[in-house]
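Subject: A structure for you to look at

Hi,

Here is the structure I promised to pass on. Have a look at it first, and then read my notes below.

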Amino acid sequence: PSGLAYLNTIFLAIICPRSGSSKTSTSPTENYQLARRRTLQVVVSSLLTECGFESAEKAAMETLTEMMQSYITEVGRCAKATCEHTARSTPTLSDVVITLVEMGFNVDTLPVYAKRSQRMVITAPPITNAPVVPKALIAGQKRTHPTYIPSHFPEFPDPHTYIKTPTFREPVSDYQVVREKAASQRRDVERALTRFMAKTGETESLFKDDISAFPLIAAKPSTIPYLSALLPSELELQTLEETDSSEQDDQTDTENNSSNVSQDDQSADKENVVLPPGGVVPTGKANEENMIDNPYLRPVKKPKGRRKKLKLIY
Amino acid sequence: MNRKKDKGFESPRPYKLTHQVVCINNIKSFFRDKSVIGYVELTIFPTVMNLNRIKLEASSARIYRVRVNDLEGLHSFTNDPTLEVCHHESKQRNLNYFSSAYTAAVSAVDPDAGNGELSIKVPSELWKQGDEMKVMKVYIEFSLDQPKGGLHFVVPDVDGSMAERAAHVFSFGNQNSTRFWFPCVDSYSELCTWKLEFTVDASMVAVSCGDLVETVYTHDMRKKTFHYMLPIPTAAPNISLAVGPFEILVDPYMHEVTHFCLPQLLPLLKQTMSYLHEIFEFYEEILTCRYPYSCFKTVFVDEAYVQVSSYASMSIFSTNLLHSGMIIDQTPVTRRCLAQALAQQFFGCFISRMSWSDEWVLKGISGYIYGLYLKKTFGVNEYRHWIKEELDKIVEYELKMGGVLLHPTFSGGKEKDNPTPHLHFSIRHPHTLSWEYYKMFQCKAHLVMRLIENRISMEFMLQVFNKLLSLASTASSQKYQSHMWSQMLVSTSGFLKSISNVSGKDIGPLIKQWVDQSGVVKFFGSFAFNRKRNVLELEIRQDYTSSGTQKYVGPIKVTVQELDGSFNHTLQIEENSLKHDIPCHSKSRRNKKKKIPLMNGEEVDMDLSAMDADSPLLWIRIDPDMSILRKVEFEQADFMWQYQLRFERDVVAQEEAISALEIFPTPASRLALTDILEQDQCFYKVRIQACFCLAKIANSMMSTWTGPPAMKSLFTRMFCCKSCPNIVKTNNFINFQSYFLQKTMPVAMALLRDVQNLCPKEVLNFILDLIKYNDNRKNKFSDNYYRAELIDALTNSLTPAISINNEVRTVDNLNTDVRLILEEITRFLNMEKLLPSYRNTITVSCLRAIRMLQKNGHIPSDPSLFKSYAQYGHFVDVRIAALEAVIDYTRVDRSSSELQWLLDLVQNDPVHYIRHEILSMLAKNPPFTKAADSLLCNEALVDQLWKLMNSGTCHDWRLRCDAVNLYYTLFGLTRPSCLPLPELGLVLNLKEKKAVLNPTIKSEQGPGGPEVTTTMAFTSTLEEEHVVMEPALSGVAMAPQGLKRKAETPLGSSPEPGQVMQEEPSAKASVKSKFPTQEEEDIDMDTVHDSQAFIYHHLNMLERPSTPGKEPSSVEQAMLSMPGTPMPTLSKESTSSKHGDHHHHHHHHEHKKKKKKHKHKHKHKHKHESKDKDRDSHAFSNSPASGRSIRSPSLSD
């Protein structure tokens, strides 16, 4: 049984779910594994010695060690599978036995083999601390199962995997600092932006000796200067939207003549025109325009009786 | 005058126009070639037998064909004498001469006198028809090729179709300028109905007067024809046109009103027009009359000539009046413009005027009802403030420039009787007026209307208007045959008659004082309190001798606020009474605790400790209702002004008190002003004014001032955060009053100065902090004006740099404060490129700031930056600001190249408004004046300016008058001092004349093509000067007296060269005796028709014989000094030589008679003819302006 226990420990070490993933680390986990592997090598060497070998090539040693490790791993895996097949979580001795039987190993020979006289006693593997599973960040209380979940069910994962933890910095509540910050931030952005523009484009300078001081972006005449001067900039419109979105409606619909309709709606009390609510039906549109009897909205006539008049002109 | 007193209106033309068709079809591409082809057809009724000539105005149009009733008519296209005012290349360069020639030229084509430059000969077959007074149709085909006036094309230089480029065209002009875009009778008094047709690209809209009857595609479907009918008789100057790819907005409140704007601006148009219906309602209500036209159109165009122009049933506005809902400052301005335009629809467009001298009635009424609108919309405070502002403006102008005459009468039609001799231009015609004068004219007109209202009550006033309108609308619906249309013309006499009919009051004295006479009244008031008699002894003196003033006799209201209440007294201002005793009602300080009743019935507690214990007088106001056009300088103690400021509820009184307090820098004044500033019931404009006064007082009190800088703590309290007083609150402009105050206070504060005469560091940092912490994110309104004013504040804080050894300004030796300021300005200016502000207000302020930095020597003075901003393609406000800076640079640095650059711009800039502004800004801030010597003042400049006003500006009356103004500012009335004396050149002329004159006369016999004019004008004009002026002299029979008067008032601009002639012989004689060696001078004396300066020069030489005549510098100086003073020496000289003058005059006369007998004949003939409204096409031709007189057929007879 002690051999078995020993094997067990080996199994467990190998099947530990985290062991594979921590290869890259140079932490205690790695040391632990190296130690195991060395022990396994010692075991292989002693077995070889027992068989009468005096020396072995390193490659052969490694192969054998690998085979040994594979074998043990397979035993462990199968034992675990058998155990879980019977809805348990910890393998028992019989699981291992079944496994060994399954793998074609005569179990009965095992006690004899274990008690053989020439067997070498291997020193216990150096006691290295079992790898400390890096503790997940403890966030909040680990929840226990509610009553309707049997206790053998797996425990809840660490809270941090499912608990929403809002992160926020302590707000700067001092008004002065806020304003100060906003002001200097804006100024910095503006300065950086204008400097950039000045550096990348044409400039004018106020000083002849130092052109780079106080660079002014060159004034470029535009073809339709009144547009940019009269229309509110997008930024301003955006600001307006934020402050008062209801007023914005008027400003954005620049569609066509039918947009008069929207204004008419507001001033419906002023006039007798009854307008269809909501969306504009194409047929209804013509009606509206007729109702607003304005000569500029009337359709342009086709040149029918124009011949006479043309004669007059030429 | 006589004519006007007649009941009906007599047309100066031998026919009456009833209907006109204007058809402009865009055969060539309208926009690509900027050309127009079309025809007009005028339906006329001859009013005389044998109508053989029809005169029309058609400046600069090319006439292809004329038909009268389908018969080919002959037309002679008289050269428009206004194209080139003085035809010859004489060395004559004095303004007196120019002004008279220009006036004559304008008269020569004045439609109000029946003249015109297009003369059509009626085919003889139709003469008989004329007997039967049958209708005639005059059909004229014409074209305009890239017209400089009349129509303005705006074609942005980008890719895409014309519609995509927002290309548009609109008509414009100063007064009656329709002749520039189609042949017509360009008079406000010739009404007719209209049919207008415009064929334009299918993507365009043509907006014009009257009702749009239909829009029809042309056959290729690529163009549309807009047919307009205007059934209401309308004068040609009230016809207009605008074509462009306009966006159309039907007014949501009034469907017959349509608004047009350029692409992409529709949202702004909606916002801007959202209150137009209120204005409509207001006018219709007060006038109890419907809007006279069946529709109304507003068109917003770019590069507008003026901000607002009104035409029959439509108005053209500058597109820059459009604004979004976020803009505060522009909103009232735009509203005012709309209200003005609409007021002119009633009076100006619908009701037109009989003659130019009746213009004041129309301008007065429209200005007056516009004022009523202001009162209703913006409140009584705003209204009274506006009235005071207007009154101050007109008073300032008249005192500076001389009187403004509303109703000039020209008896006999001779220029001799110049009613405004103090002016350097004639007021006979709207086209000879300086723009500034015309603005003041309008201002005075509406103020006088208000005076009439004061006299007859507003109710009667509105009844009169209603009567005028209802008469006109009855007349407008009549057919022409009923002869009612003249009811639509208003005349001064008709208007006054209506007033007396409606009100039964005689307003004759008032009219005589303010309408028939120019000038304002200047009062000086002071008082003493007689304790024994308990009487206020008030002394009111007048200054009626200085220019622009007149004497006032009549009632004047004086309001005295005593302890017991406010009392009105009406005093009579008489010839010799200066002192007035006004009994007081209250004994001095009877009851300390009692509240003091104010004028409006309010009772208030006052701290009376400041006042004189012996006197019950709190304050006194003279003419509080502004019922006289006056300036009052009243003396009362500082505490009285302070009481007036604090407790008088009238904003005008408060403003008067504030300006009076400027000279009382005491703590009490400071307190009074601060209190007003803090009172939010007080009218915001008063508070704004208080800010600036406080800054001035603080500067005067510098040494004794305690506490923080003026207004700082106040600003902090009102606009900064409670917790951190150095940080301004985030912007919230919902309360407009405090918005305006918040804007103004930093600007006023920046004017503060410390002991070193620098802006206090504390103030500068304060302003920099305001800029730094400015935060508009939560604001409903745009802060562009606020930021602009913060930059203005920085500008105000600048003081001259301390210059050491005149070192060159470099970055390194920049003052640290200035560096901070410059950094802000740079950042603002650069940000503006990325996020432009509304109307680029920030750029404008930055440019001003940079100029100020240059001027104060902080940074090197350099115009190149401004010149780049002044280019075409920047927003107009920016250009104006940049040009202003260039002009300032030109003056300070005396740069001739910049001056040249500016003048080139005047000639070549595409925008009329810019050209006008350059000239008027140059006149306001001239590079030099006649009083000082300058290197800039040279012959080339004189020539250039002369050419500009002589011929370079013929397409734009306003620009020409601007040029005249500038010329006057730079050189004065007389010959510019920098010109060499006109000696040798004239001798040559003399010879040339003799050689050439006769042949040219002979060549005149044919109908005369224009090419003859140009060749002859050069030599012949010298002669005409004699010819024209002599009848004027002999006719009025004032040779000796006139001469004397002239000598005594050398500035008086009776500027006939002929008159000058008479003085010459005397000069010559004397010169001869004293300088017998100067042969050359003697020779040319015979023919010198030159400036008075020349005479002055000679007279001066007589006065100081030791001065050799060849030393130009001293002579120039002498000449300069001459016109300025009424020179006793000169008058003495002239009286002593009077006899000689007289003699020479006769001699001269004879000489002329002998030489040009035929001419004399013609002259006299002309005199007669002009009386009988001559039918001769060349009646005007012997004006000095025209080079054609000699060619006239009558001469060769």
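One definition before we start: a residue counts as buried when its relative accessible area is under 20%. Also keep in mind that this is a predicted model.

You'll find B:I239 in the loop between strand 14 (223-235) and strand 15 (241-244) of chain B. What does B:I239 touch, if we leave aside its neighbours within four places in sequence? Its contacts are B:S171, B:T178, B:W181, B:F182, B:W194, B:L196, B:C209, B:L230, B:T234 and B:Y311. B:K388 is 149 residues away from B:I239 along the chain, and their C-alpha atoms are separated by 35 Å.

In soluble globular proteins, nonpolar side chains tend to be buried together. The largest nonpolar core here has 361 residues, and the members that touch the most others are B:Y283, B:F347, B:W360, B:I452, B:F465 and B:F495. Which element gives this core its largest share? That would be helix 9 (residues 435-456) of chain B, with twelve residues. Take B:F465 as an example: not counting residues up to four places away in sequence, B:F465 touches B:L287, B:F347, B:I365, B:Y368, B:I369 and B:F495.

Over all chains, the search turned up 49 aromatic pairs. In one of them, B:F523 and B:Y552, the ring centres are 6.2 Å apart and the planes stand at 90°, so this pair is edge-to-face. The two residues are 29 residues apart and link distant parts of the chain: B:F523 is in strand 23 (residues 521-530) of chain B, while B:Y552 is in the loop between strand 24 (535-542) and strand 25 (554-562). Both partners are buried, B:F523 at 1% relative accessibility and B:Y552 at 8%. Elsewhere, ring pairs join B:F280, B:F282, B:Y283, B:Y291, B:Y293, B:F296, B:F346, B:F350 and B:Y373 into a cluster. Two arginines lie over ring faces as well: B:R335 is 3.8 Å from the ring centre of B:Y275, and B:R67 is 4.6 Å from that of B:Y139.

Next, some backbone angles. B:M711 isn't a glycine, yet its phi is positive, at about 75°. B:M711 sits in the loop between helix 16 (684-700) and helix 17 (712-719) of chain B, and counts as buried at 5% relative accessibility. B:N840, also not a glycine, has a positive phi near 50°. Its place is the loop between helix 21 (816-834) and helix 22 (841-855) of chain B, and B:N840 counts as buried at 10% relative accessibility.

Finally, chain A. This chain has twelve helices and two strands, and 25% of its 314 residues are buried. Its accessible surface comes to about 22,200 Å², with 59% of that belonging to carbon and sulfur atoms. An unreviewed UniProt entry annotates residues 32-109 of chain A as "domain: Bromodomain associated". That stretch is 76% helix and 0% strand, and its end C-alpha atoms are 32 Å apart.

Happy exploring!

Key: Residues numbered from 1 in each chain as written. Chains lettered and ligands numbered in written order. Predicted model: local features only at pLDDT ≥ 70, side-chain atom pairs only at ≥ 80, totals over all residues. Heavy atoms only, no water. UniProt positions renumbered as here; feature names shortened; annotations may be inferred. Helix = DSSP H or I, 4+ residues; strand = E, 2+ residues; numbered from the N terminus. Buried < 20%, exposed > 50% of the residue type's maximum accessible area, 1.4 Å probe, protein only. Areas by Shrake-Rupley, 256 points an atom, 1.4 Å probe, with all protein chains shown as cover. Phe/Tyr/Trp six-rings, centres within 6.5 Å; stacked < 30°, edge-to-face > 60°. Lys NZ or Arg CZ within 6 Å of the ring centre and 35° of its normal. Core = buried A, V, L, I, M, F, W, Y, C linked by side-chain atoms within 4.5 Å. Contact = heavy atoms within 4.5 Å.
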